[in-house]
Amino acid sequence: MLKPTLLGLIIGISFLVSSCENANKGSLKHGLVSYYPFSGDARDYAGGNHGVVNGATLTIDRYNQPNSAYAFNGVSDYILIKDFGDIVPTEEISVSMWVQATDTRTQFQMMLCPDNNRFGISAYYYHNGQNTTFWDYGWQGEGGEAPGRLYFRPEPNDTQWHHYIFLSSIKANYMKIYKDGYLLISENESLPLLNASGRDLKIGCGDGHGFHKGKIDDIRIYNRILNEREIRQLYD
């Protein structure tokens, strides 16, 4: 028979482990501004800023579950979130999303419109003959190497699902891109997002151009910087 002290220690450790697991799960809700799981619709399950679907169609996700992701035709499809600029984080932000592209071309997966002082994500972007991933946050269109822009190339050309996380922090002065749980690139040239109020978020295209061809799923936008453990958790 276990001694009372040993039994108490085991119970205490089990409780601590369980509490840590629950805390880890709960932490992914902390600072969550918007969450679009695309499970049957384009509703925002965190903040109530629901999307209006324009042509995009529900399709199978990376687990082959039906009606659990959105497909975009690369010509005219997008999802609109009105006045998202009123709530978008302007200094500390993390964006998590799953992307599958069927082509490398001039395309955006997300952009705050009108396109000035850019908040935009463009993976599988054909640029100077190479597949490139761009992360623009606060970038004002002043050259490819200007602050507020981070990009990586060449990226492999494939049609698989990939998980991306885009980070920008004024406090820590960095921008980062993670792909499939691992750091892809980082630099110390962050900028705040200015003049965001009243602007709309478009998923699946840029400001009337650059329509994504492929699928997008599970978009999460945070008003804080995700840590390494959380990044791995979202990928796994």
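In this predicted model, F119, W135, Y137, Y164 and F166 form one aromatic cluster. The total number of aromatic pairs in the structure is 11. Two of these pairs are described below with their geometry.

| Pair | Centre-to-centre distance | Angle between planes | Class |
|---|---|---|---|
| F119 and Y137 | 5.9 Å | 80 degrees | edge-to-face |
| W135 and F166 | 5.5 Å | 45 degrees | tilted |

The pair of F119 and Y137 counts as edge-to-face because its planes stand at 80 degrees, past the limit of 60 degrees for that class. F119 belongs to strand β8 (residues 118-127) and Y137 to strand β9 (residues 130-139), so their pairing ties together parts that are 18 residues apart in sequence. Both F119 and Y137 are buried.

The pair of W135 and F166 is tilted, with an angle of 45 degrees between the planes. W135 is located in strand β9 and F166 in strand β11 (residues 162-169), so this pair joins parts that are 31 residues apart in sequence. W135 is buried, at 0% relative accessibility, and F166 is likewise buried, with a relative accessible area of 0%.

The cysteines provide a further point of interest. The structure contains 0 disulfides. The sulfur of C113 has its closest cysteine sulfur in C205, at 6.2 Å, which is too far for a bond; a disulfide would require the two sulfur atoms to lie within 2.5 Å. C205 accordingly takes part in no disulfide, the sulfur of C113 being the nearest to its own. C113 is buried, with a relative accessible area of 6%, and C205 is buried as well, with a value of 1%.

D180 is situated in the loop between β12 (174-179) and β13 (182-187). D180 is buried but has no salt bridge. The nearest side chain of opposite charge is that of K179, 5.5 Å away, whereas a salt bridge calls for a separation within 4 Å. Leaving aside residues up to four places away in sequence, D180 touches H162, H163, R232 and Y235.

At the level of the whole protein chain, the secondary structure comprises 2 helices and 15 strands. Of the 236 residues, 50% are buried. Among contacts between residues at least 6 apart in sequence, 64% join residues at least 24 apart. The chain exposes about 10900 Å², of which carbon and sulfur atoms supply 53%.

Notes
Residues are numbered from 1 along each chain as its sequence is written. This is a predicted model: local features need pLDDT of at least 70, side-chain atom pairs count only at pLDDT 80 or more; totals for chains, interfaces and linings use all residues. Side-chain values use heavy atoms; hydrogens and water are left out. Helices (H or I, at least four residues) and strands (E, at least two) are DSSP runs, numbered from the N terminus. Buried means under 20% relative accessible area, exposed over 50%, partly exposed in between (1.4 Å probe, protein chains only). Lys and Arg count as positive and Asp and Glu as negative; His and the chain ends are not counted. Contact means heavy atoms within 4.5 Å. Accessible areas come from the Shrake-Rupley method with a 1.4 Å probe; for residues, only the protein chains shown count as cover. Rings of Phe, Tyr and Trp (its six-membered ring) pair if their centres lie within 6.5 Å; planes under 30 degrees apart count as stacked, over 60 as edge-to-face and the rest as tilted.
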